[in-house]
Structures are given as structure tokens and as C-alpha cells.
Amino acid sequence: MRFLPVSLTTILVELADLDETLALFASLQADPVAGIEDLVPAARTLMVRFRPERLSAGELAAAISGRDLSVRAAPSEHLVEIPVRYDGEDLDEVAALTGFSVEEVIRRHTESEFTVAFCGFAPGFGYLVGGDPALEVPRRQSPRTRIPAGSVALAGAFSGVYPQASPGGWQIIGTTPEKMWDLSRDPPALFQPGYRVRFFDLEKRDRSTAEAVTSAATTAERASNETGSVPTAPVFKVLTAPIPALFQDLGRFGQTGQGVSASGALDQGALKAANRAVGNPPGWPCLEITLGGFSFEATGRATIAFAGAPCPIFVRDAAGREIDAAGYRPIALEPGDVVTLGHPPAGMRSYLAVRGGFSVKPVLGSAATDTLAVVGPEPVGAGAVLTLADEREGLTSVSLTETPAFAAPKPGEIVTLDVVLGPRTDWFTEVGLASLTDQLWTVTPQSSRVGIRLSGDQPIERRDSAELPSEGTATGAIQVPHSGQPVLFLADHPLTGGYPVIGAVAEYHLDLAGQIPPNAQIKFRPVSQFAEITPTVGRAAAERQ
């Protein structure tokens with residue numbers, strides 16, 4: 001058992017194999033360690049996020065190191081049967097790789113009973129183990145940019161079903177009409193860790209079976225699209241939104257078992273400041289607006305505030321008169337007022353709060369919109385109508401003392417981000433490690449809420465081209481694909497990843513990272529030398545013993 005640093009609040013426990021990983025995961029679920037906030041199991045690792053004010057990384061390692069890893073979880077009584085049309089693009093390739101006929105590949109796949117080991121990559125994507133070992137095939141050398149939803153695929157010792165269209169490198173052997181992820185279900189993910197799974201060939205079952213499955217999926221989709229009653233409360237009518245705005249709060253936690261990451265505001269300090277400025281509790285949902293240009297008309301009285309990127313704010317009343325307005329201050333609106341947010345000279349994202357809150361329905365306990373997982377409220381574009389909740393509980397007086405936590409970075413500026421090295425620095429050469437910190441990295445326009453794509457003159461050099469088994473990734477992780485041009489993961493990153501992580505941005509610089517615009521440059525400054533975490537027994541650990 002090795003303990004590797006991920007960030008200031010996260011460690012990676014490396015184990016011998018999947019069985020040990022699942023045993024440790026089960027042990028920590030049955031007998032939790034106080035201070036652990038989240039667990040993300042993967043092929044040979046368990047990522048553990050903890051509260052450093054409760055215990056140190058060394059104390060956490062000490063609490064974990066003595067766990068019994070020989071216990072195996074009993075098989076679940078829950079069996080999921082998945083209908084498959086074995087018509088995948090890679091079926092012939094899988095047959096060639098295994099030396100079997102296509103018919104034999106199908107027979108071995110349908111006669112296997114799988115277990116959902118863990119979920120990740122995307123909501124509802126279960127990593128299935130227990131299949132015929134003769135069907136173990138490598139990932140494709142060149143991943144596809146788009147794999148359709150419902151694709152049944154193989155990679156290494158795993159089988160899986162893509163819940164939504166996404167990039168991927170697994171070998172596709174078939175398709176299923178069954179929905180892996182459906183918010184009208186409880187729980188939404190059809191695959192849950194521990195469930196047993198069997199696949200059956202639709203061509204060998206009655207046609208009515210396929211029709212019933214398709215009908216059920218259609219009914220569920222129809223139910224999820226039902227709309228509620230027409231709101232009568234005051235509203236904001238959205239007039240312009242060059243980039244659709246997104247509802248965000250502090251994040252969606254406790255859903256990693258379904259493959260759902262936290263998401264949430266990229267500049268959480270600004271979201272909290274906007275809420276405090278109007279007297280809301282600091283974590284209430286706000287609108288996250290990217291690069292300004294957003295405008296709306298108020299149909300009733302309201303008090304709003306903006307925080308984050310320093311956009312110019314214009315308010316015009318029904319008579320056409322301009323009203324003074326500034327960021328980080330409450331702004332009183334009357335019926336007919338039109339609010340326009342200009343384009344920011346610095347930063348990326350602004351947050352709009354309204355006193356009493358927006359009437360927005362949480363999804364899985366949060367109003368955060370995850371753009372990668374497609375979980376959360378719908379994006380807000382021109383023509384949308386935002387209903388105001390006018391909640392009273394928890395409100396305080398407005399704040400007149402809010403200020404930005406940092407100066408928003410401008411295009412062309414150099415932004416220094418502190419980095420915790422690990423957990424996979426040993427996958428890179430000394431030259432590769434030096435290239436991370438010794439050069440400037442340019443933020444490319446291809447960046448998004450998922451991550452900041454970086455470009456440098458000197459790619460980060462790996463020791464070899466070996467394939468890393470999928471393991472948990474943290475917000476702020478700097479993942480290095482084969483190109484050597486890194487990606488800095490932001491809030492909507494995938495829960496697990498298959499490329500080595502060379503380091504992670506310190507948590508106190510994540511808000512700053514979320515405001516870095518394209519064409520700015522990043523300088524990574526290590527705040528720790530990479531070293532395995534040594535289990536230690538401190539006061540907090542001793543009190544538990």
C-alpha cells in the first residue's frame with residue numbers, strides 16, 4: 001500500500017489490484033474515518049479527499065494502513081440484464097485480437113456475469129469486471145472523438161456501456177437501447193457499485209423484448225421532459241446571452257458512486273461575495289456568466305449583485321435613464337429596468353445573485369450545472385425566463401464591504417499558480433518535470449469549464465508510453481496526455497482519467513485558475529517536493545485509537 005499526494009486535501013492510495021481496492025473501499029464505507037469527505041475507487045487506486053483541519057495526510061495514511069484487505073464483498077442480489085445488438089464497429093477487430101470468431105466473442109460476452117466494480121468517467125458509466133479473461137483487449141491506439149450513447153465496449157479487463165455520446169478509446173462491440181443514466185429514475189444510474197450484470201443478444205430474444213425496453217426508455221424520457229406550472233412570481237426576461245449562462249452553487253457532493261463529480265462555481269469566492277452583497281446565505285445558486293454580454297429585463301422589484309470578472313454594469317430604467325451600478329455592491333431594480341453586463345477587460349466569469357434567490361430546481365441535491373456530465377439545470381440563453389424565489393429564511397442585511405479576493409488576470413499576463421507535485425511524477429523524466437515549472441504555458445481558446453488546455457514550447461516528457469489504469473482525478477489536477485501538452489482540470493472534469501497526473505493546483509488558487517482567460521500565460525510554482533506520504537500517528541489519530 002502506497003500513499004501518494006494529489007493535492008493539499010486529497011491523497012491517492014495505490015494498491016496491488018482491483019480486489020484490494022474494493023476491499024479498502026468497502027472497509028472505509030463500513031467503518032469511516034472522521035474527516036474523510038469523499039472516496040473514488042478505480043482500477044488499482046482509491047482517491048481519498050479529506051478535511052485537513054480534522055487530520056493530516058500522515059494521520060489519514062496511518063488510519064488506513066492497518067485495514068484488512070483480504071475481505072471480499074459478498075455478491076449483490078441485484079442483477080441487471082442489458083439487451084445488446086452486437087453490431088459494434090470494433091467487433092471484427094476484437095475477434096482478430098482474441099483469435100476467436102465473431103460468434104465466439106458474442107457467446108463468451110453473453111455467458112459472462114459481470115460485477116460493477118466502480119463508476120467514473122461519466123455519470124452512469126460503470127466499470128464492469130468478471131468477464132471472460134480471453135476477451136481482454138487493449139484500448140484503441142487512436143481514441144474516437146465521439147462514441148454514441150449506448151455503445152457496449154471492452155478495454156483491458158473491463159466491459160462497459162457509454163451512457164452518453166463522448167470521446168473514448170474502448171473497443172465497441174455492440175449497442176443497447178437501455179438508458180444507463182436517467183434522472184427520472186431513483187437512482188439515475190442503472191449501474192451501481194456491486195450490482196451484477198449480464199448481457200443478452202437481442203437477435204436471440206423475442207422482438208417484443210427489444211420493443212418493451214425501447215418503450216420503457218421512451219416513457220422515462222417523456223417523463224423527464226414534463227414541465228411544471230407557469231410561474232407567477234417576478235421574473236428576469238433574458239434578452240441577450242452570447243454564451244449561455246449556467247446556474248452554479250458550491251457543488252454536488254456525495255454522488256461519486258454514480259460517476260458524478262462535484263462541479264460547482266469556478267470562482268467560489270466570487271459566488272459567495274455576490275450572495276453576501278444581497279444578504280443571501282453564501283452558497284445559494286447564482287448565475288455564472290462567461291465573458292459578459294448578458295442582459296435581462298426585470299418585471300418586478302429585486303435586489304441583485306454581481307461579483308467576479310470586473311465587467312461594466314449598465315442599468316437603464318423604463319424611461320431610458322441610466323442608473324449607477326457597480327460590482328460587489330447591491331443594486332436595486334424596479335419593474336422595467338434593463339440590466340446589461342459588458343465584456344470584462346480581465347477575468348472570465350461573473351456571478352449574478354438576487355436577494356431571495358432564483359427559483360431553480362436542484363438536481364441530485366445541487367443547482368450546479370455540470371457541462372461534461374450534462375447534469376443540472378438547463379443553460380440560460382436569450383429568451384429564457386428566470387423566476388425569482390423571494391425566500392426569506394436565512395436572509396441577512398445586504399453587505400456594502402465586499403471586495404475581490406484577487407485582481408482578475410488579463411490576456412497576455414503571467415499568472416503564477418502554486419502546485420502540489422504528484423501523484424505520478426515518477427512517470428516523467430527529470431527533463432519533463434523541469435519543463436512543467438521552468439517555462440510559461442499559454443492558455444488556449446479550447447479551454448472550458450472541464451479544463452484549461454495549455455500549450456508550451458517544450459512538451460512534458462514521459463519515461464515511456466505505458467498505459468495508466470484509470471484512477472480518480474481531482475479538481476486542479478494537471479493531466480498529461482501523450483502529446484505532452486497538459487490539461488488543468490477545472491470543476492467539470494471527469495471523475496476518473498487514464499493519463500498520468502504530474503501535479504495539482506493548490507486549492508487556494510483554484511478560484512484564480514477559474515478566471516484565467518485565453519492567451520494568458522501560467523507559471524507553475526511547486527509548493528512541495530514529491531514524496532510518498534508516511535503514515536504518522538498524531539493527536540487526531542491517537543484520539544480515535
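Accessible areas here come from the Shrake-Rupley method with a 1.4 Å probe, and for residues only the protein chains shown count as cover. On that basis, the protein chain has an accessible surface of about 23600 Å², with 51% of it belonging to carbon and sulfur atoms.

A word on what you're looking at: this is a predicted model, where local features need pLDDT of at least 70, side-chain atom pairs count only at pLDDT 80 or more, and totals for chains, interfaces and linings use all residues. Residues are numbered from 1 along each chain as its sequence is written, and side-chain values use heavy atoms, with hydrogens and water left out.

**The overall build**

The protein chain has 9 helices and 33 strands; helices (H or I, at least four residues) and strands (E, at least two) are DSSP runs, numbered from the N terminus. Its radius of gyration is 25 Å, close to the 24 Å that the globule rule gives for 545 residues, so the chain is as compact as a globular protein of that length. (That radius is taken over C-alpha atoms, and the globule rule is 2.2 Å times the number of residues to the power 0.38.) Along its principal axes, the C-alpha trace spans about 75 × 60 × 50 Å.

How much of the chain is buried? Of the 545 residues, 53% count as buried, where buried means under 20% relative accessible area, exposed means over 50%, and partly exposed is in between (1.4 Å probe, protein chains only). As for contacts (heavy atoms within 4.5 Å), residues 24 or more positions apart account for 74% of those with a separation of 6 or more.

On the charge side, the mean positions of the 44 positive and 62 negative charges are 3 Å apart. Lys and Arg count as positive and Asp and Glu as negative, while His and the chain ends are not counted. Each charge is placed at NZ of Lys, CZ of Arg, CG of Asp or CD of Glu.

**Inside the cores**

A nonpolar core is a set of buried Ala, Val, Leu, Ile, Met, Phe, Trp, Tyr and Cys residues joined through side-chain atoms within 4.5 Å. The largest one holds 41 residues, and Tyr351, Leu417, Leu488, Ile522 and Phe524 touch the most other members. Helix α6 (residues 268–278) gives the most to this core, with 6 residues. There's also a second, separate core of 29 residues, which includes Leu287, Ala302, Phe306 and Cys311.

Take Leu417: leaving aside residues up to four places away in sequence, its contacts include Leu488, Val505, Leu512, Ile522 and Phe524, along with His509, Lys523 and Arg525.

Back to α6, where Ala270, Leu271, Ala273, Ala274, Asn275, Ala277 and Val278 are buried. What covers the buried residues of α6 includes the strands β15 (246–248), β16 (286–290), β18 (302–308) and β23 (349–354).

Leu341 is in strand β22 (residues 338–341) and counts as buried at 2% relative accessibility. Not counting residues up to four places away in sequence, Leu341 touches Phe306 and Cys311, among others including Ile289, Phe294, Ile313 and Ser350. Trp441, in strand β26 (residues 441–443), is buried too, at 0% relative accessibility.

Most residues other than glycine have a negative phi, and most peptide bonds are trans.

| Site | Backbone feature | Where |
|---|---|---|
| Asp186 to Pro187 | cis peptide bond, omega about 0° | Pro187: loop between β12 (171–175) and β13 (196–201) |
| Gly422 to Pro423 | cis peptide bond, omega near 0° | Pro423: loop between β25 (414–421) and α7 (430–438) |
| Val374 | positive phi, about 55° | loop between β23 and β24 (385–387) |

**One more loop residue**

Ser70 lies in the loop between α2 (57–65) and β5 (79–84). With a relative accessible area of 53%, Ser70 is exposed. Ser70 and Leu97 are 27 residues apart along the chain, and their C-alpha atoms are separated by 34 Å.
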